[in-house]
Amino acid sequence: MPTKEEWKKQLVDNAEQQILNLTDSDKFKNYLNTVAKFHRYSARNIDLIYSQNPEATQIAGFKQWKNDFNRSVNKGEKGIRIAAPMIKKLTPEDQKRLDTTKEKAIVGYRYIPVFDISQTSGEPVLSAKDFVKENLADHKNVTNLYNELKNYLNNNTDIKVSEKRLSELGGAKGYFQPSTNEIVIGSDEPDNALKLETLYHEYAHSQLHGLTSEFKDRPRAYQETQAEAVAYVAMQNIGVDTSNYSLGYVATWAKDKAVIHSALSEIQQVSSKVIELSDGLTKQLGLQEAQKEPEHDLKKQSAQALNKSYQSLQQQVQQATNPQQKSELKNKLNDVHQKISNRTQKQLQAFAEQNPGIKQPDSEPDQSLKR
């Protein structure tokens, strides 16, 4: 059986592998292609969009909706006006006057109409929600653990956790405010597992990306990848599978595999801290038995437990596809095998000492054949 440290590392490694598998899927690649089709607007245009339609989420022009997404703008819809650059091909005189070698330049702006997806009809458009499924199964005692974690942070750390209605959070489940070191969670979130997962997520932000934190200047993609990966590990540790939600959420942020590797390599310390905190709280609540050493110490495991460990590791070695993981499992298998062998030899020796009448094999066996 793995030690506690090995268990923590195994959780993080498993998360990384599952995310990489997801980002290799055709469906996720199609999602990225969809994202690429939507223009990234300037801060000025974002302000223009928000001022005209605060609920807008995905914006495109009349022709782009039709050509790229096979959707049509609904009759009677009023366009959202944004500023589009007017680009002119420069003459040699223009290049000299503007002191540039560029062939084209922006000479002004005009306002053009674009439309939100809610103003269109047609084929479905892939979105992050195709990977972020919010149907986590509610588990017994999850609410108690959420309340205990919230109270612990309020009473024993400099972090303050409060709640607001989801309608006040602008579509988020919660957030961390570095300037005040405050975590806010949606009070009326109906899924208790998601509520606890959100608290873990925001707590990870506080540890990784607070004002004095080591990784506070990481890009947003890194920060969200790290926070959700920590939350996933924390929930896995207490036996609640949030992979449908967490790993999809991570993948939509960590579109580059290099980001996934770098971001996850930095979360070991926070994952370890969160797991230790959770273990302490669940013990206080009586939600788990005290950790039994025989589960993690080969020397104290029964013969039956050792045999089970050996059989389980054999199966894991056969199923492992990652070379590094396979090598680590083989090392563990060898350790268990050696322990079984040593224990068997000691038992045979003890039995022989207790039964001196039993003939022992010669120390130097006669190599000749005897009849």
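## Helix H8 and its surroundings

In this predicted model, helix H8 (residues 220-237) packs against helix H10 (residues 257-265) at an angle of about 55°, and their axes lie 9 Å apart. Axes here are lines fitted to C-alpha atoms, for helices over the stretch in contact, with angles running from 0 to 180 degrees between N-to-C directions. Helices (H or I, at least four residues) and strands (E, at least two) are DSSP runs numbered from the N terminus. The angle makes H8 oblique to H10; angles under 35 degrees count as roughly parallel, over 145 as roughly antiparallel, 65 to 115 as roughly perpendicular and the rest as oblique. The crossing of H8 past H10 is right-handed, a term used if the near helix is turned clockwise from the far one by less than a right angle.

On the H8 side, the residues that meet H10 are Ala 221, Tyr 222, Thr 225, Gln 226 and Ala 229; on the H10 side they are Ala 258, Val 259, Ser 262, Ala 263 and Leu 264. Contact means heavy atoms within 4.5 Å. By class, this contact has seven nonpolar, three polar and no charged residues. Ala, Val, Leu, Ile, Met, Phe, Trp, Tyr, Cys and Pro count as nonpolar, Asp, Glu, Lys and Arg as charged, and the others, Gly among them, as polar.

H8 is largely enclosed by the rest of the structure, because 16 of its 18 residues are buried. Buried means under 20% relative accessible area, exposed over 50% and partly exposed in between (1.4 Å probe, protein chains only). After H8 comes Gly 239, which has a positive phi near 90°.

Met 235 lies in H8 and counts as buried at 0% relative accessibility. Beyond its neighbours within four places in sequence, Met 235 is in contact with Ala 193, Leu 196, Glu 197, Tyr 200, Val 240 and Thr 242. Pro 219 sits in the loop between helix H7 (192-209) and H8; at a relative accessible area of 45%, Pro 219 is partly exposed. The table gives one C-alpha pair for each of these residues.

| Residue pair | Separation along the chain | C-alpha distance |
|---|---|---|
| Met 235 and Ala 193 | 42 residues | 8.6 Å |
| Pro 219 and Val 259 | 40 residues | 9.8 Å |

The protein chain has 13 helices and eight strands. Of its 371 residues, 37% count as buried.

Residues are numbered from 1 along each chain as its sequence is written, and side-chain values use heavy atoms, leaving out hydrogens and water. Local features need pLDDT of at least 70 and side-chain atom pairs count only at pLDDT 80 or more, while totals for chains, interfaces and linings use all residues.
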